Amino acid sequence: MDLDVFVTAHRAEWDRLETLLGRQRRLNGAEADELVILYQRTATHLSLIQSSAPDPQLTGRLSRLVARARNAVTGTRRASWRDVTRFLTEGFPAAVYRSRRWWIPTALLSTLVAALLGWWIGTHPEVQAGIAAPSELRALTRPGGQYETYYSSHPATSFAAQVWTNNAWAAAQCLILGVFLGLPVLWVLFQNMLNLGIGFGLMSSAGRLDTFLGLVLPHGLLELTAVFVAAGTGLRLGWTLIDPGPRTRRTALAEEGRAAVGMAIGLALVLFVSGAIEGFVTPSGLPTWARIGIGVVAEAAFLGYVFVLGGRAVRAGGTGDVDASERSASVPLAA
């Protein structure tokens, strides 16, 4: 392509587009239509120059023109409380609901793995001996031992913040690492189930399983559900790379990736609630039944939130992805 000839042929269109963008007054109908047409043409011109005869100065000018024109055509918007409300009542629950066929099996299989690990550790003294020395195991499991004092070892506020940070990071790892075919997600999930199984096995072998459950269930129900949702979503993201369905692999990955980002924000809020329960309810002096009851109520509220609001949003066409108007626009092809 002869760049000088191309510039001579189209310079007037670029100048006209710049003039329209510089107007202080509101454009009339004919001018608005002209701006859209010139925006499409300039975007195509920019694409041609970048691929055939890149010129830094010209590319810079046209890139700025296209960006300004796109803002003028599509408009700019700022996040508002309405967006937050819509995300919490539609976007996030819809994304979790759509992923239910991934995170529900993940939850069931993971719980089974933790239970089997706990049974294996609790019924095999030689396995316990490989975990720690007998004196250390007694320090962990005795009344007033480390398993009990762990939840009251720090001020409730700082402990809740620490727990929330750790759990949010674990959930984010599951979501982010899902892009690697989901394999790292399985490892993160196994580590969590192993830790749970060790506590289950050691405390049951010491005859204190009821104490262990009374400490874990208040916050653990909601916390583990959030981890399972993150893991299931990460596995789904990994499977999208293998089988994108009727969409192109790039489109499918972009859509599922945007939903996963929204999921990370929503799960951070869920884990904030579980962290508050772990910091303030678990180590409290409430009876065991009351502490477990609070955990059950929090879990039931979350599941109801997902299956009622999320199911309704999905049936109305929601996917958990951002609105079409907020997605990256494709390069116009009209010349």
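This is a predicted model: local features need pLDDT of at least 70, side-chain atom pairs count only at pLDDT 80 or more; totals for chains, interfaces and linings use all residues.
Y97 is buried, at 14% relative accessible area.

**Aromatic pairs**

The model has eight aromatic pairs. One of them joins Y97 and F307: the ring centres are 5.8 Å apart and the planes meet at 80°, so the pair is edge-to-face. F307 is partly exposed, with a relative accessible area of 33%.

R100 lies over the face of the Y97 ring, 4.0 Å from the ring centre.

Helix α13 also holds F302 and Y305. They are three residues apart, about one turn of the helix. Their rings form a tilted pair, with 6.4 Å between centres and 35° between planes. F302 is buried at 6% relative accessible area. Y305 is partly exposed at 22%. Ring pairs extend the group: F87, F92, F302 and Y305 are linked into a cluster.

**Salt bridges**

Side chains of opposite charge can pair when their charged atoms come close. The structure holds seven salt bridges.

| Salt bridge | N to O distance |
|---|---|
| E13 and R41 | 3.0 Å |
| R61 and E18 | 2.9 Å |
| R23 and E31 | 2.6 Å |

Take E13 and R41, a salt bridge at 3.0 Å. E13 sits in helix α1 (residues 3-21) and R41 in helix α2, so the pair ties together parts 28 residues apart in sequence. R41 is partly exposed, with 30% relative accessible area.

Next come R61 and E18, which meet at 2.9 Å, N to O. This pair links distant parts of the chain: R61 is in helix α3 (residues 56-74), E18 is in helix α1, and 43 residues separate them. E18 is partly exposed, with a relative accessible area of 35%.

R23 and E31 have their closest N and O atoms 2.6 Å apart. R23 counts as partly exposed, at 26% relative accessibility. E31 is buried, at 10%. Salt bridges also share partners: D15, E18 and R61 are joined into one network.

**Helix α2 at Q50**

Q50 lies in helix α2 (residues 29-52). Q50 counts as partly exposed, at 46% relative accessibility. Which residues does Q50 contact, leaving aside neighbours within four places in sequence? They are T59 and S63. Along the chain, Q50 and L35 are 15 residues apart, and their C-alpha atoms are separated by 22 Å.

**A nonpolar surface patch**

L181, L183, L186, W239 and I242 form a nonpolar patch on the surface. Together they have about 500 Å² of accessible area. Helices α10 (183-205) and α11 (209-242) each supply at least two residues of the patch. L181 is placed in the loop between α9 (156-177) and α10. L181 is partly exposed, with a relative accessible area of 47%.

Key. Residues are numbered from 1 along each chain as its sequence is written. Side-chain values use heavy atoms; hydrogens and water are left out. Rings of Phe, Tyr and Trp (its six-membered ring) pair if their centres lie within 6.5 Å; planes under 30 degrees apart count as stacked, over 60 as edge-to-face and the rest as tilted. Buried means under 20% relative accessible area, exposed over 50%, partly exposed in between (1.4 Å probe, protein chains only). Helices (H or I, at least four residues) and strands (E, at least two) are DSSP runs, numbered from the N terminus. A charge sits over a ring if NZ of Lys or CZ of Arg is within 6 Å of the ring centre and within 35 degrees of the ring normal. Patches are made of residues with over 30% relative accessible area and no salt bridge: like charges are joined within 9 Å, nonpolar side chains (Val, Leu, Ile, Met, Phe, Trp, Tyr) within 5 Å. Accessible areas come from the Shrake-Rupley method with a 1.4 Å probe; for residues, only the protein chains shown count as cover. A salt bridge is a side-chain nitrogen of Lys or Arg within 4 Å of a carboxyl oxygen of Asp or Glu. Contact means heavy atoms within 4.5 Å.
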